[in-house]
Amino acid sequence: MISPPVLLLIVLCSCYYIAHGGNGHGFSVTLEPSRATVSVPLVHRHGPRAPSQNSDNPSFTERLRRSRARANYIMSRASNGMVMSTRDDDANVSIPTDLGGSVDSLEYVVTVGLGTPAVPQVLLMDTGSDVSWVQCAPCNSTRCYPQKDPLFDPSKSSTYASITCDTGACRKLGDHYQNGCTDGGAHCGYRVEYGDGSKTRGVYSDETLTLSPGVTVKDFHFGCGHDQRGDNDKYDGLVGLGGAPESLVVQTSSLYGGAFSYCLPAQNSEAGFLALGVPSANATGFVFTPMRHLPGVATFYMVTLTGISVGREQLDVPPSAFRGGMIIDSGTVVTGLPHTAYNALQAAFRKAMAAYPLVPNGDLDTCYNFTGYSNVTVPKVGFTFSGGATVDLDVPNGILLEDCLAFHESGPDVGLGIIGNVNQRTLEVLYDAGRGKVGFRAGAC
């Protein structure tokens with residue numbers, strides 16, 4: 001039995017003048033009680049649940065390399081072109097999440113429970129992929145990477161079941177995710193390959209997902225991974241929030257309308273959230289722009305930029321420079337802008353920051369040395385989207401990353417751009433596929 005519709009809230013684990021060093025670098029849902037708000041403590045990098053630090057942690061350079069590889073992969077999938085393309089609920093449920101520093105990642109993570117009894121799993125939140133997965137036992141060290149928590153053991157769950165090959169769920173994986181059958185069709189294989197070269201393979205499975213005490217998603221389809229390769233951090237798996245049928249968003253669309261929103265916190269010490277469903281009618285402060293989709297690629301969510309401002313001054317960039325569109329992606333770190341737009345932004349930002357010395361970085365091309373400055377003045381950067389929606393990025397955490405401008409050039413003006421997660425910090429970003437729009441609300445976390 002499906003409970004009445006609810007808005008599901010999942011907690012995600014910052015001025016012009018800033019003090020230097022101040023910015024930290026078939027399906028069912030059960031909800032009991034039916035109208036409740038549940039808060040769960042956050043986990044952050046220096047908290048008691050954080051993994052021990054060691055010399056094998058990926059460097060900032062390596063993390064940016066992975067992010068750029070991911071962005072290149074997304075753009076390659078989109079190379080064939082692109083075209084344009086409700087519910088008011090009262091009950092909220094919070095779930096543990098934080099900035100991914102606690103698992104040596106720049107991406108964002110949520111903490112959920114999997115199986116019966118529920119076993120905590122720290123999962124990357126990814127709007128740029130669809131299949132959710134965790135590493136499963138048995139799995140030796142050559143097939144599974146070291147993770148923060150023990151491997152999920154399906155043999156210890158009373159609700160686990162592998163999905164058979166003769167089911168609609170297996171057939172819907174299609175050529176992109178399906179990976180054959182084993183044991184005479186008893187196990188449907190899945191595979192996912194990511195832009196940074198990492199991959200996961202295993203058995204497509206059915207399980208109970210616990211989002212918070214009393215809030216469970218039964219018959220949730222996910223990958224039970226037995227073979228993970230490539231660059232991975234210490235997270236336990238991934239939750240896919242893309243637009244294809246395999247994602248958590250689409251699997252829960254009968255209840256939440258295929259809508260979700262999140263606010264990414266700027267620092268480990270601050271709270272954010274992931275919410276399934278459309279915010280209540282009295283939620284104010286949103287500005288909206290039309291949502292676009294890539295033909296034949298349901299995963300990605302796109303918008304159209306029409307302008308950029310620096311220090312409230314609109315840059316002289318023609319709208320045609322943005323015609324390729326911009327994917328909004330929670331897993332890409334730095335925003336990639338087309339050639340003309342990036343050059344204009346870089347020049348205007350450097351002019352506004354002329355009081356501070358530029359330093360070579362090697363990873364990003366507009367970086368500063370703020371040593372000795374008690375206060376730093378950072379100009380506002382604003383995006384204008386089709387339909388007139390204007391959004392100011394958070395100062396400084398939505399603009400600077402490791403004292404560098406968190407942008408790079410993505411390619412020619414006819415190509416695709418990507419809005420990365422640094423620019424999204426402290427904004428509530430609402431993906432409302434049912435109504436064909438994306439919303440932004442400033443200062444949400």
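Visitor: Start with R312. Buried or exposed?

Guide: R312 is exposed, with a relative accessible area of 55%. Buried means under 20% relative accessible area, exposed over 50%, and partly exposed in between, using a 1.4 Å probe and protein chains only.

Visitor: What sort of model is this?

Guide: This is a predicted model, in which local features need pLDDT of at least 70 and side-chain atom pairs count only at pLDDT 80 or more, while totals for chains, interfaces and linings use all residues. Residues are numbered from 1 along each chain as its sequence is written, and side-chain values use heavy atoms, with hydrogens and water left out.

Visitor: How many salt bridges does a search of the whole structure find?

Guide: Seven. A salt bridge here is a side-chain nitrogen of Lys or Arg within 4 Å of a carboxyl oxygen of Asp or Glu.

Visitor: Which side chain meets that of R312?

Guide: That of D392, in a salt bridge of 2.9 Å from N to O. This pair links distant parts of the chain, as R312 is in the loop between β21 and β22 and D392 is in strand β29, 80 residues apart. Strands (E, at least two residues) and helices (H or I, at least four) are DSSP runs, numbered from the N terminus. D392 is partly exposed, at 24% relative accessible area.

Visitor: Which residues are joined into one network?

Guide: R143, R201, D227 and R229, through salt bridges that share partners.

Visitor: Take D227 and R143. What do they tie together?

Guide: Their side chains meet in a salt bridge, 3.1 Å from N to O. D227 lies in strand β14 (residues 215-229) and R143 in the loop between β9 (133-135) and β10 (161-162), so the pair ties together parts that are 84 residues apart in sequence. D227 is buried at 8%, whereas R143 is partly exposed at 34%.

Visitor: And how far apart are D227 and R201?

Guide: The closest N and O atoms of that salt bridge are 2.5 Å apart.

Visitor: What is the strand order in the open sheet?

Guide: The four strands run β22-β21-β28-β29, with antiparallel pairing. β22 and β29 (390-392) stand at the edges with a single partner strand each, so one side of each is left without a neighbour in the sheet.

Visitor: Which helix packs on the sheet?

Guide: α6, touching β21 and β28 (contact means heavy atoms within 4.5 Å). The direction of α6 makes about 15° with that of β21.

Visitor: Which residues of α6 are buried?

Guide: A341, Y342, L345, Q346 and F349. Seen down the axis of α6, its buried residues fall within an arc of 125°, so they line one face of the helix. The arc is that of the directions from the helix axis to the C-beta atoms.

Key
Pairing = 2+ DSSP bridges. Axes fitted to C-alpha atoms, helices over the stretch in contact; angles between N-to-C directions.
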